[in-house]
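This report is an introduction to one protein model for a reader who is new to structural description. Please look over the sequence and the three-dimensional view before reading on.

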Amino acid sequence: MSAVREGLPEGRYGRSADERTDRKLKIIGAALGAVLLGVIGWIGWDYVAGRSVSAEVIKFQVISDTEVKVHLEVRKDASVTGVCTMVSQDEQHAEVGRADFTFAQRESRVDEVVSVKTTGRATMIELVGCQPAASAD
């Protein structure tokens, strides 16, 4: 006659005997995920809230081989003097002009047309960035 087994071989079917390791890995994974989300949130908040001067190019017009007029809208705190850097490029994407513009108006929104002098015919203009004048180089 054959012997009757009372249970299945351990570890062969279902979960392993070391379920505590699985639980620890899940807890560590959840904690690392929460930390990663916190870091991403902090970086995003710092990027949005930390900018006291921002601008947008509304339109630009190439006046001649040596000049581009740029319609710029600057948003800043009224008490801050802002500096914005503009770069112009030609058809081969070579830089033909660069200029910094200072906005000291005591307004939170400044709408102004500025002129960028170029060494060749520009085909595009780019706003590199804006920053408070105190930290401008």
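## Basis of the report

The structure is a predicted model, in which local features need pLDDT of at least 70 and side-chain atom pairs count only at pLDDT 80 or more, while totals for chains, interfaces and linings use all residues. Residues are numbered from 1 along each chain as its sequence is written, and side-chain values use heavy atoms, with hydrogens and water left out.

## Overall architecture

The protein contains one helix and six strands. Read from the N terminus, the order of these elements is α-β-β-β-β-β-β. Helices (H or I, at least four residues) and strands (E, at least two) are DSSP runs, numbered from the N terminus.

Of the 137 residues in the protein, 24% are buried. Here, buried means under 20% relative accessible area, exposed means over 50%, and partly exposed lies in between (1.4 Å probe, protein chains only). The protein exposes about 10,100 Å², and carbon and sulfur atoms supply 54% of this area. Accessible areas come from the Shrake-Rupley method with a 1.4 Å probe; for residues, only the protein chains shown count as cover.

A contact means heavy atoms within 4.5 Å. Among the contacts with a separation of 6 or more, 57% are between residues 24 or more positions apart.

## The disulfide

How many disulfides does a search of the whole structure find? The search finds one, a disulfide being counted when a pair of cysteine sulfur atoms lies within 2.5 Å. A disulfide is a covalent bond between the sulfur atoms of two cysteines.

The partners are Cys84 and Cys130, with their sulfur atoms 2.1 Å apart. The link of Cys84 and Cys130 is right-handed, with 115° about the S-S bond. Because Cys84 belongs to strand β3 (residues 82–89) and Cys130 to strand β6 (residues 124–132), the pair ties together parts that are 46 residues apart in sequence. Both Cys84 and Cys130 are buried.

Glu112 is found in strand β5 (residues 109–117). Its relative accessible area is 28%, so Glu112 is partly exposed.

Which residues are in contact with Glu112, leaving aside its neighbours within four places in sequence? They are Val70, His71, Leu72, Phe103 and Gln105. Glu112 and Leu72 are 40 residues apart in sequence, and their C-alpha atoms are 5.4 Å apart in space. The side chains of Glu112 and Gln105 are joined by a polar contact of 2.9 Å. A polar contact is a pair of N or O atoms within 3.5 Å; within protein, one must be able to donate a hydrogen and the other to accept it, and residues adjacent in sequence count only if both atoms are side-chain atoms.

## Salt bridges

Seven salt bridges are found in a search of the whole structure. A salt bridge is a side-chain nitrogen of Lys or Arg within 4 Å of a carboxyl oxygen of Asp or Glu.

One of them joins Glu73 and Arg75, whose closest N and O atoms are 2.7 Å apart. Glu73 has 14% relative accessibility and therefore counts as buried, whereas Arg75, at 31%, is partly exposed. Another salt bridge links Arg109 and Asp111 (3.9 Å, N to O). Arg109 is partly exposed at 43% relative accessibility, and Asp111 is partly exposed at 42%. Glu73, Arg75, Arg109 and Asp111 are linked in a network of salt bridges.
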